[in-house]
Amino acid sequence: MNEIVSGRVSSLSETESVATEDIISADLETIWQKICAGLRRDLGAQIFGQWIKPIKLSVFDSNSGTMLLVLPSEFSANWVRDRYSERLLLAWKAHHPAVSELVFQAQSGSAKIAQISNSNGANLAAANSQYNSVPESKFRLDLDPRMTFDLFIAGNSNVLALNAAQRTAAAEKPLFCPLYLQSSTGQGKTHLMHAIGHAFREEFPSSTIIYMSAERFMIEFVSAMRRNEGMEFKASLREADLLMIDDIQFIVGKNSTQEEFLHTVDSLISQGKRVVVAADRPPQALDGVDQRLLSRLSMGLVADIQSAGLELRRDILKHRLATMPHQHVSEEVVEFLARTISRNLRELEGGLNKLLAYSQLTGREISRELAEEQLSDILSACRRRITIDEIQRTVCEYYRLDRNEMSSKRRARAVARPRQVAMYLAKVMTPRSYPEIGRKFGGRDHSTVIHAVKLVEHLRGEDSEMDNDVRMLLRQLES
């Protein structure tokens, strides 16, 4: 018989095949446990438990090098594929070099696993064909279909990088090469690189595009050298019409890898090909980099992406929700997320996605309280510790009131309205509960605070002067 078992193609007798399957299955499971231990350490217990732990090993086709991984739902399969596929593939390659491709499938499709038994792995490749779009190339191209120029939200912080990326992907030859995208983590570098790949493929359908992380570049290079396939590896790289390397900061200090990358960049530039690299720091700040490589990376255009401002963060959330009309998220929650999750856009979108997933799976409405409950780890890391005392002091200075008016019993509008604004800001900008806020305003009942918050929210939509006042106060408190 000739059947797929959990790791090899076997031609043993039925009894021997069962025994071999057990041994090989245990071997793959042992490797998987080692990979999981590393991912749990790198990602943290919460993220690991939510997305990686539910993964089940299914089928490995040794002829094609394809491993099938099964997750509980389509949502989780797509999520893991989009965010962790490359990290998982690199981990598998490091422990089991025969694995060259991962396919992610929802549990509902597990009944089809038995069909995946042809020795050339055609069915497995077809299951993941939308992510494997490089014709006749050694390197598999994974471009996220959601990361296009149309779906990239522009703002003052990223407009230079966006325009440079579009120019790099255009039909006419760009004026600069390489394009060096630089920003801190989660500000949109990777999105722009995927968008360049999509747009370049549209302009040049038969082109060869290579996109990989610096970590993958190093692993592929070392593996090729160990297999005595160094020349083939170099030739494949230099056939690229567009080469994109992400997280280039991880290539520094590796002399042989730097040397090969330098020669590859030189070769591509001399042929008029296009090169894009991305890093979390400018070229001059790359420690341990060869001066010749530093010169090549600096000779094109270094496009800096600044941290996203409040308006851009707000626009990104609204754009994401506009694509999901069946999901209702209030303006209060959007504003809360945009103001609170400010470190990077990946955390911002990840926080929204977690709320959407939690709501779908539990049926709970997405509210400010749910956001604080489910995103406590992100919020605690991002939130600047603004106090109610600081808010009261700032509001009194803005409206020219005595500080004692925040706790007084006076109900004159000139006093009550600023007090209500301060209560609103206390709820928006601090983790304090309604009763806690009430106690800081002269021992007022929590229902009074709720009324103030709802009133100010309403007035902001009806009264431009009130909205301007609140915006000015928010800006002062955040600065």
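Biologist: Which residues form one aromatic cluster?
Modeller: This is a predicted model, so local features need pLDDT of at least 70, side-chain atom pairs count only at pLDDT 80 or more, and totals for chains, interfaces and linings use all residues. Residues are numbered from 1 along each chain as its sequence is written, and side-chain values use heavy atoms, with hydrogens and water left out. Rings of Phe, Tyr and Trp (its six-membered ring) pair if their centres lie within 6.5 Å; planes under 30 degrees apart count as stacked, over 60 as edge-to-face and the rest as tilted. The one cluster here is made of Phe217, Phe221, Phe233 and Phe261.

Biologist: How many aromatic pairs does that rule give?
Modeller: Apply the ring rule and count up the pairs. The count comes to seven.

Biologist: What kind of pair do Phe217 and Phe233 make?
Modeller: Phe217 sits in helix H7 (residues 214-226) and Phe233 in helix H8 (residues 230-238), 16 residues apart, so to speak linking distant parts of the chain. Helices (H or I, at least four residues) and strands (E, at least two) are DSSP runs, numbered from the N terminus. The ring centres are 5.9 Å apart and the planes are at 65 degrees, so the pair is edge-to-face.

Biologist: Is Phe217 buried or exposed?
Modeller: Buried means under 20% relative accessible area, exposed over 50%, and partly exposed in between (1.4 Å probe, protein chains only). Phe217 has 0% relative accessibility, so it counts as buried.

Biologist: And how do H5 and H6 run, parallel or antiparallel?
Modeller: Axes are lines fitted to C-alpha atoms, for helices over the stretch in contact, and angles run from 0 to 180 degrees between N-to-C directions. Under 35 degrees counts as roughly parallel, over 145 as roughly antiparallel, 65 to 115 as roughly perpendicular and the rest as oblique. Helix H5 (residues 159-169) and helix H6 (residues 189-203) pack at about 30 degrees, with axes 8 Å apart. H5 and H6 are therefore roughly parallel.

Biologist: What about H3 and H13, parallel or antiparallel?
Modeller: Helix H3 (residues 74-95) and helix H13 (residues 345-362) have axes 12 Å apart and an angle of about 165 degrees. That makes H3 and H13 roughly antiparallel.

Biologist: Which residues of H13 meet H3?
Modeller: Contact means heavy atoms within 4.5 Å. On the H3 side we have Phe75, Trp79 and Arg83. Their partners in H13 are Gly350, Asn353, Ala357 and Gln360.

Biologist: Where is Asn228, with its positive phi?
Modeller: Most residues other than glycine have a negative phi. Asn228 has a phi near 60 degrees, and at 69% relative accessibility it counts as exposed. Its place is the loop between H7 and H8.

Biologist: What is the phi of Asp247?
Modeller: Asp247 lies in the loop between strand S8 (242-246) and helix H9 (255-270). At 27% relative accessibility, Asp247 counts as partly exposed. Asp247 is not a glycine, yet its phi is positive, at about 55 degrees.
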